[in-house]
Amino acid sequence: MVVNSAADRVLAGLDPEQRAAVTAPAGPVCVLAGAGTGKTRAVTSRIAYRALTGEISARHVLAVTFTARAAAELRQRLAAAGVAGVQARTFHAAALRQVRYFAPRLLDGRAMPELLDSKVRLVTLAAARAGLRADRTAARDLAGEIEWAKSSLVEPSEYVVAAAKALRETTHEPAKVAQVFAAYEKLKRTGGVIDFEDVLRAAVWGIEEHPDVAEQVRNQYRHLVVDEYQDVNPLQQRLLDAWLGGRDDLTVVGDASQTIYSFTGATSAYLVDFPRRYRSATVVRLVRDYRSTPQVVGLANAVISQARGTEARLRLELVGQRPAGPEPERRIFTDEPAEAAAVAARCRALIDAGTPAREIAVLFRTNAQSEAYEKALAEVGVPYLVQGAERFFERAEVRQAMVALRAATRSLPGEMPLPAAVVEALAGVGWAPDAPPPGGAARERWEALAALVQLAEEYAAAPELLPLGVAATVERPATLTDFTEELARRAAQQHVPTVEGVTLASLHSAKGLEWDAVFLVGLAEGTLPTTYARTTEQVEEERRLLYVGITRARQWLWLSYASARSPGGRARRPCRFLPQLAPTSATERAGGGRLARTAQRRAATRIVSCRICGTTLLSGPDRKLGRCATCPSDIDDELHERLREWRSRMAGAQKVPAYVVFTDATLVALAERRPGRAEELVAIAGIGPRKLGLYGEAVLALVGGAAVDEICPQKSSESDR
C-alpha cells in the first residue's frame, strides 16, 4: 500500500471512530452511524483512502444508496477528494444501467421494454378488470401494495398468505388485491412495459442465469458500498448478493434506529444480522453527533433509549459535539388551529430575527396535516414549500419556465450575462425579481422561479459545471443554452435547487435532511403513534419516526400537540414517547382540566441533558451537576471552597445539617456553572423559588467574587467537612 499526501489529507480531521471506519481492512465492514455523525464523510473517505493508497481502483467501486441526491453528494465529495471513476448510484439507477447495457444479449436482440414512470394508470385498469372501481387515491394505495409485494419477492399467487403474515393493512380484501396484482402484471406484459421493481428483478435474473453477464459485472464491480443499509428490502438484498457473487469486499452503513420504511418492504434485518453473516466483519460505531446541540441530542437519546425489539439491539447513544444551545420547547395548545397559528407566528419571528426561511421546517406525521400550516403561514406572510407533494421539475410553473428559457436561447443576445438572460426570459411568464407576492400559493410559485434565477447565478460562477470538455478547451462564460441543458440534466436526476421558504414535510420525507430550526407538530396519540400502529413492532417504528424528526434539528427544536382537534372537541393525550409536554399558559392549563394538570406533573420530570456530551441524565446528582459524573469537570476550586465555608456558617446559624442548605452536588454545580443571574440559579436542579429567596443574593455575591466574611461575618463553630 502506498501512503501519500492526498491519502493523508483524507484522514485529516476525522474523529477516531471515523478513522477506524476509513482504514478498516478489506473485507466486510459494518459502520453503525447515528444521526449527524458524519456517515457520508466516512463512506466517501473510505473509498477515497483505499483508492489513493492503491489498495483498490476507483473504477471497480460501486456505491449504492436510495436517493439521487445522496448519490450526487457521494460523487461530488469523491471528485473533491481527487478520486474519479467511482460509480455512485441508486439501486434502481445502477440496475437500469446494467439491464440496458446487457439488453441485446439478454433479450436476443429485442428492444428493451419501456419503463413506467408511474403504476397508477395501469393499476386503475387492473382494478377495473378485477371488478373494483378505484379513484386516484385508491389506485395509489393499490400500487403501493403491489410495490411492497414485488420488493418482498412475493408473487400474486402468494400475496394473500404473505400479507396475512406481515399484518398488512389494506383498503381492500387481500384476495381482491391479489387479483388486481395479477391483472396488473398481465397488462404490463401485454403492453410491453416494465416497472422499477422489474428492473431490479431483470438485473438479478441477468446475473443469476447468465454466467457471462455475472462474470463481466463482478469483474467490473469488485468493491461494493451500501449507504442507508437499514432501508434495504429483500429484492435489493438479492441484487446485492448477485453483484457480490460470494465475495465479501462489502462496506455497509446504517442506523437501525432510523428504520422507518417497513411498510414499503424495507427491513433492518440485514443490518442487524451482518456480523453473524460475516463472522470476520469489522464493526465500527459512529456516535459523535456534529449536527445537533447537546440539548437536542439528549432528547433524541431519551426517546430512543426506551426502544424495544430487534432494532434496539443496535441502538446508539449519541454524544453531542456542538456548543450548548436552547432546551427543546414543549407546548400544548387547546386545538389544532391554535397550534398552527402559534407555529406560524414563531416562524415569522425566527425569520425576522435573521433565520433564513429555508433553514426552518415544520414536520408532521401525515401529509393531511399540511393544509393547516400552509394556511397559517400564508396569513403571516411566510413563504413555504411542501416537501414531497410535487416534484420540483414537474410543477407547472417550472415546466413553463423551462419552455420559456429554451425559447429565449433563440431570441436573446448571446453576449447577455446568464443571470440577466434568465431574468429576462422569466419576465415572459410574469416573474419579476422585485415583486414577491404575499405568502401562499402565489408566493410558492414566485419562490420556485426565484430558485431558477439563483441556480443560474451559481452556475455562471462555476465554470467547472460547463458541459464536459468545454471548460477544458476554451474559456468562455456559461450561456443560456448551457444552462437549459443543465436544467434538463437536473430534471432527469431530480437534482432540485434550494427554494427559499419554510419546508412543510412529513416525517418520512424529512429523513436525510436537516434544518437550523425544526417544529415537530401534532404529537398526539392517534396521530403519532398512528392508530394504525397496533403491534409492538409497528409502535416501535413510530417511536423511531419521532427520533428521526428530532435529529433533523441543528439548533432549535419545538414539540407540540393540540389537546383537541378542533375548538371544543374531544380531549386527546400527548404522544406517549414524549410525556414532557407542558401547557403554554395559565389559560390553557385551566382549560385543559385534568389533562393539563397531568402534563404539569410530567413537566416536573423534564429531560436534563449533560452539557458536555448530551447524554440524558437520570440520577439526581448528575441532573444537579448538569453533566455525567464521568464527564470532565471545569470546577472553580477556590469558589467551591468559599461556597462550602458559607454553607457551613449558614447551617450553623440555622441549626440544621449542612445538606439542608445545599447538597454537595448543588455546591459542585454552582462552582462549575458559576451562575451570574437569578434565572441561571434556578436552572440548577435543587434550587427552587424558596431557596432562591433564602440564599440567592448571597450565592450570586460569592460567585461574583465576594469573600465569605463579607456575607457571613459571624463564623459558626460547626463544620460540614
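Okay, let's start with contacts: in this protein chain, of the contacts with a separation of 6 or more, 76% are between residues 24 or more positions apart. Contact here means heavy atoms within 4.5 Å.

Quick housekeeping. This is a predicted model, so local features need pLDDT of at least 70 and side-chain atom pairs count only at pLDDT 80 or more, while totals for chains, interfaces and linings use all residues. Residues are numbered from 1 along each chain as its sequence is written, and side-chain values use heavy atoms, with hydrogens and water left out.

Now the overall picture. The chain has 721 residues, and 52% of them are buried. For burial, the cut-offs are under 20% relative accessible area for buried, over 50% for exposed, and partly exposed in between, with a 1.4 Å probe and protein chains only. As for secondary structure, there are 32 helices and 18 strands. Those are DSSP runs numbered from the N terminus: helices are H or I with at least four residues, strands are E with at least two.

On to a helix pair, α10 and α11. Two packed helices are described by the angle between their axes and the distance between the axes. Here α10 covers residues 196-209 and α11 covers 211-220; their axes come within 5 Å and cross at roughly 105°. The axes are lines fitted to C-alpha atoms, for helices over the stretch in contact, and the angles run from 0 to 180 degrees between N-to-C directions. So α10 is roughly perpendicular to α11, given that 65 to 115 degrees counts as roughly perpendicular, under 35 as roughly parallel, over 145 as roughly antiparallel and the rest as oblique. Who makes the contact? From α10 we have G206, I207 and E209, and from α11 P211, V213, A214, V217 and R218. By class, that contact has five nonpolar, one polar and two charged residues. The classes go like this: Ala, Val, Leu, Ile, Met, Phe, Trp, Tyr, Cys and Pro are nonpolar, Asp, Glu, Lys and Arg are charged, and the others, Gly among them, are polar.

Next, D241, which sits in helix α12, residues 234-244. D241 is partly exposed, at 27% relative accessible area. Leaving out residues up to four places away in sequence, D241 touches G246 and R277. Its C-alpha is 8.9 Å from that of V204, 37 residues apart along the chain.

Cavities, then. How many of 30 Å³ or more does the structure hold? Four. A cavity is a set of points, on a 1 Å grid over the protein atoms alone, where a 1.4 Å probe fits but cannot get out, and lining residues have an atom within 4 Å of a point. Points are joined across faces, edges and corners, and volume is the space filled by probe spheres set on them. The largest cavity comes to about 50 Å³. Its lining is R46, I47, R50, I56, V61, H223, L224, V225, D249 and T251. The elements giving two or more residues to that lining are α3 (39-52) and β6 (223-226). By class, the lining has five nonpolar, two polar and three charged residues.

Last, some backbone details. L528 and P529 are joined by a cis peptide bond, with omega about 0°, and P529 is in the loop between β15 (515-520) and α24 (536-550). K655, not a glycine, has a positive phi near 55°. K655 is in the loop between α27 (637-654) and α28 (658-661), and counts as exposed at 72% relative accessibility.

Definitions and conventions. 1 Å grid on protein atoms, 1.4 Å probe; cavity = no way out; pocket = protein on both sides within 12 Å on 5 of 7 lines; lining within 4 Å.
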